[in-house]
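Please consult the sequence and the three-dimensional view while reading the points below.

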Amino acid sequence: MLFVGTYEHTIDSKNRLSIPAEIRMELDRYRDGTRFFVTPGRHKGTLSLYTERRFLELVAGIPADLIPDRDQYIYDSIFFSMAKPVEMDKQGRILLPEYLLQRTGIHGEVVLTGCRDHLDIWNKADYEAFFKQHWERYPEIQDKAAEALRRRRAEQQLEITSNGSALQDPPKLT
């Protein structure tokens, strides 16, 4: 599932957060699973919310020896101990674990942001500061991404050509 958009919400006194209706309508239990996984986010003071299927794909794709030293063990110890499966109730809310909220300082007014394959949960003020800090550089970053994509496509085309795939005649039917 592709997550896009920005949604302002509030975490209530029982640590419940409503998943936006627009997102709930797009969820498919067979494609996405029946729950979410909440994890520490990539930005300090954030949480990330993955569909069940995407989280399991993500974890399966991370080699156990990705970081060739003690940092891998530290990463695994923190990431997996903090990850938590959460289910939506009938009102479309999830219960965020207190320990994650305390560690990240998230509370009250929050912003959920689409980030391709997951949602990030930010304190509203932190997201506004992040956006303000990086908005001016966005055109430059966008140009870098476009150039990297052009290079990757050229490399893939070169690989296809050098393997002979693009040069071979199709087999003749008899």
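Helices, of at least four residues, and strands, of at least two, are DSSP runs numbered from the N terminus. With that convention, Arg150 and Glu147 are both placed in helix α7, 3 residues apart, about one turn of the helix. The model described here is a predicted one.

**Nonpolar cores**

- The largest nonpolar core comprises 21 residues, and Leu17, Leu49, Ile94, Leu96 and Ile121 have the most contacts inside it.
- At least two residues of this core come from each of β3 (36–40), β4 (47–51), α5, β7 (109–114) and β8 (119–123).
- Another core, of 5 residues, lies apart from it and has Phe37, Tyr50, Phe55 and Ala83 among its members.
- Leaving aside residues up to four places away in sequence, Leu17 touches a set of residues including His9, Ile11, Ile94, Leu96, Val110, Leu112 and Ile121.
- In soluble globular proteins, nonpolar side chains tend to be buried together.

**Salt bridges**

- The structure contains 12 salt bridges.
- One of them pairs Lys124 with Glu109, with 3.8 Å between the closest N and O atoms.
- Because Lys124 lies in helix α6 (residues 124–135) and Glu109 in strand β7, this pair ties together parts that are 15 residues apart in sequence.
- Lys124 is partly exposed, at 22% relative accessibility.
- Within helix α7, Arg150 forms a salt bridge with Glu147, and their closest N and O atoms are 3.1 Å apart.
- Glu147 is partly exposed, its relative accessible area being 33%.
- Salt bridges with shared partners join Glu8, Glu109 and Lys124 into one network.
- Lys144 and Glu140 also meet through their side chains in a salt bridge, at 4.0 Å from N to O.
- Both Lys144 and Glu140 belong to helix α7 (residues 138–162), where they are 4 residues apart, about one turn of the helix.
- Lys144 is exposed, with a relative accessible area of 51%, whereas Glu140 is partly exposed at 40%.

**A buried threonine**

- Thr104 is part of helix α5 (residues 98–104) and is buried, with a relative accessible area of 16%.
- The side chain of Thr104 reaches the backbone nitrogen of Ile106 at 3.4 Å.
- Thr104 also touches Gly45, Thr46 and Leu47, residues up to four places away in sequence not being counted.

**Surface patch**

- Tyr73, Ile74 and Ile78 make a nonpolar surface patch of about 320 Å².
- Ile78 is located in helix α4 (residues 70–82) and is partly exposed, with a relative accessible area of 49%.

Notes:
Residues are numbered from 1 along each chain as its sequence is written. This is a predicted model: local features need pLDDT of at least 70, side-chain atom pairs count only at pLDDT 80 or more; totals for chains, interfaces and linings use all residues. Side-chain values use heavy atoms; hydrogens and water are left out. Patches are made of residues with over 30% relative accessible area and no salt bridge: like charges are joined within 9 Å, nonpolar side chains (Val, Leu, Ile, Met, Phe, Trp, Tyr) within 5 Å. Accessible areas come from the Shrake-Rupley method with a 1.4 Å probe; for residues, only the protein chains shown count as cover. Buried means under 20% relative accessible area, exposed over 50%, partly exposed in between (1.4 Å probe, protein chains only). A polar contact is a pair of N or O atoms within 3.5 Å; within protein, one must be able to donate a hydrogen and the other to accept it, and residues adjacent in sequence count only if both atoms are side-chain atoms. Contact means heavy atoms within 4.5 Å. A nonpolar core is a set of buried Ala, Val, Leu, Ile, Met, Phe, Trp, Tyr and Cys residues joined through side-chain atoms within 4.5 Å.
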